Amino acid sequence: MSRDNSMVGWVDFSSLERERVSQVLSMLQEKGTLDELGIGQIRDAFADKLFPGFSTIQTRAKYFATLPYIFHDYRQIELHERRNLSLVEFISRREDELARSLVSNHAGAIPNGIIGKESLDKGVSRKPSSVYWNGLRQLAIANTDLSLKEFISQFEQQVNTTQDSHEDDDNQASNIAHWMTKPADYSSSWIENAKIELNRKEAEFLKDKLLLSNKIEHSIPAQLVKHNLVDESLKVADALSSSAWQVEALYEQLKGSSISVQTKICLEKALEFSFVLEGAHIRYNLLIADRANNITLHQQLVEEFQGWFEESKKYPQRFEQQSINEWYLCAFGMEKSTSSRTRQFIENWCRLMGDNATEEQLDECVKRQAIANKGARCLLKKALSTEQKWVGMRKLEFRWPTAKTILQDIQEGLNVKA
């Protein structure tokens, strides 16, 4: 019996690139994110435009405030002590303390989203600082384009080689405060009293960041806040069934709203892309079901594809070359930032659909792409159990479920009495 010893590797160019790769690998470990047909890069590019700074491994809005607090904690330590204390170690220790404090302060009714609650004795393995770092930059909470590792190094060097007078929003005067901004009601005892819910000042801080950060002006969260549509969007989402396509319902709500035209077009194109590639994933899973001899799954997918196919005939323009060009323009701008093999597959799939190709031709197109994308790891090359389930992507949500949770936390925090 052979073993698949394939591994993921990359050339080690910089800590920023290592950080990006680590985030991708973390997200690939999450349920439902297997990229069997190699479309993950364009999916993520759409998500980065629609929900920049958000990721599927984020849990609650609170962590957008905790790292700024920790950096400020470090600045409060006496200079002679601070010079002998690594900022990396300090952050790690404080995040472990935060997990224990959150669990303790919610004893008896531990809410969802506390990072590290299952590993309090061992310490938090996936640190909030790494999970939220890109978001902190996108929201201009951390005013930098550096990786977390690079930023920590420069921050530590700056505060430990010059006398940091700490003069910022606490009536102190130092430009270091601009490197990492924080909510206005910082208290040295914040970690002992921490709750996963936002207080009023934290919620106001995050709302302001969503409104004022130029990097995310045309993102969905920023537009929802700007046009006072957050509550309405959350109500629409709450009314949906568990099987509903959440981001499509969001689009239906927003397409006639006052949000920017740029945002609407990007969301529309993302939904078109998702719909078109869903058909390819259904065909791929039909091939998997046949290989696994899963008759029940096969019949289910035959019916599912028929429904998708009938719907596709209502929108033939979605399979035209112009649509593909628009997807890439919306997702990547003028750059061509995805593999030519993936684009060629998408173009072939759409051409076959436009030409009313047979199911055998569609399956051959999908099979070639799956094997080219996965190689020896492709499920079409393996013996499969008759219990084999769906693999890969269905309708894409582009991180709206995560953003929805963050926005819900902010709204609830804004309603807290000051």
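Guide: What follows is a short tour by question and answer.
Guide: This is a predicted model, where local features need pLDDT of at least 70, side-chain atom pairs count only at pLDDT 80 or more, and totals for chains, interfaces and linings use all residues. Residues are numbered from 1 along each chain as its sequence is written, and side-chain values use heavy atoms, with hydrogens and water left out.

Visitor: How many residues does the largest nonpolar core have?
Guide: It has 122. A nonpolar core is a set of buried Ala, Val, Leu, Ile, Met, Phe, Trp, Tyr and Cys residues joined through side-chain atoms within 4.5 Å. Buried means under 20% relative accessible area (1.4 Å probe, protein chains only). Phe46, Phe273, Tyr284, Trp327, Trp349 and Phe398 have the most contacts inside this core.

Visitor: Which helix gives the largest share of this core?
Guide: Helix α13, residues 261-292, with 16 residues. Helices here are DSSP runs (H or I, at least four residues), numbered from the N terminus.

Visitor: What does Phe46 touch, beyond its neighbours within four places in sequence?
Guide: Its contacts (heavy atoms within 4.5 Å) include Cys266, Phe273, Trp327, Cys330 and Phe398.

Visitor: Cysteines, then. How many disulfides are there?
Guide: The structure holds 0. A disulfide here is a pair of cysteine sulfur atoms within 2.5 Å. For Cys266, the nearest cysteine sulfur is that of Cys330, 5.2 Å away.

Visitor: Is Cys266 buried or exposed?
Guide: Cys266 counts as buried, because its relative accessibility is 8%. Cys378 is buried too, at 0%.

Visitor: New topic. Why is α12 called largely enclosed?
Guide: Because 7 of the 9 residues of α12 (residues 246-254) are buried. Among them are Val247, Leu250 and Tyr251. The buried residues of α12 pack against α10 (220-226), α11 (230-238), α13 and α18 (400-414).

Visitor: How do α11 and α12 cross?
Guide: Their axes come within 10 Å and cross at roughly 135°. Axes are lines fitted to C-alpha atoms over the stretch in contact, with angles from 0 to 180 degrees between N-to-C directions. That angle makes α11 oblique to α12. Oblique is what remains after under 35 degrees (roughly parallel), over 145 (roughly antiparallel) and 65 to 115 (roughly perpendicular).

Visitor: Which residues of α11 make the contact?
Guide: Glu232, Ser233 and Val236. On the α12 side are Ala249, Leu250, Gln253 and Leu254.

Visitor: Last one. Where is Lys127?
Guide: Lys127 is in the loop between α5 (87-105) and α6 (128-138). Lys127 is buried, at 16% relative accessible area. Leaving aside neighbours within four places in sequence, Lys127 contacts Ser92, Glu95 and Asp96.

Conventions
Buried means under 20% relative accessible area, exposed over 50%, partly exposed in between (1.4 Å probe, protein chains only). Helices (H or I, at least four residues) and strands (E, at least two) are DSSP runs, numbered from the N terminus.
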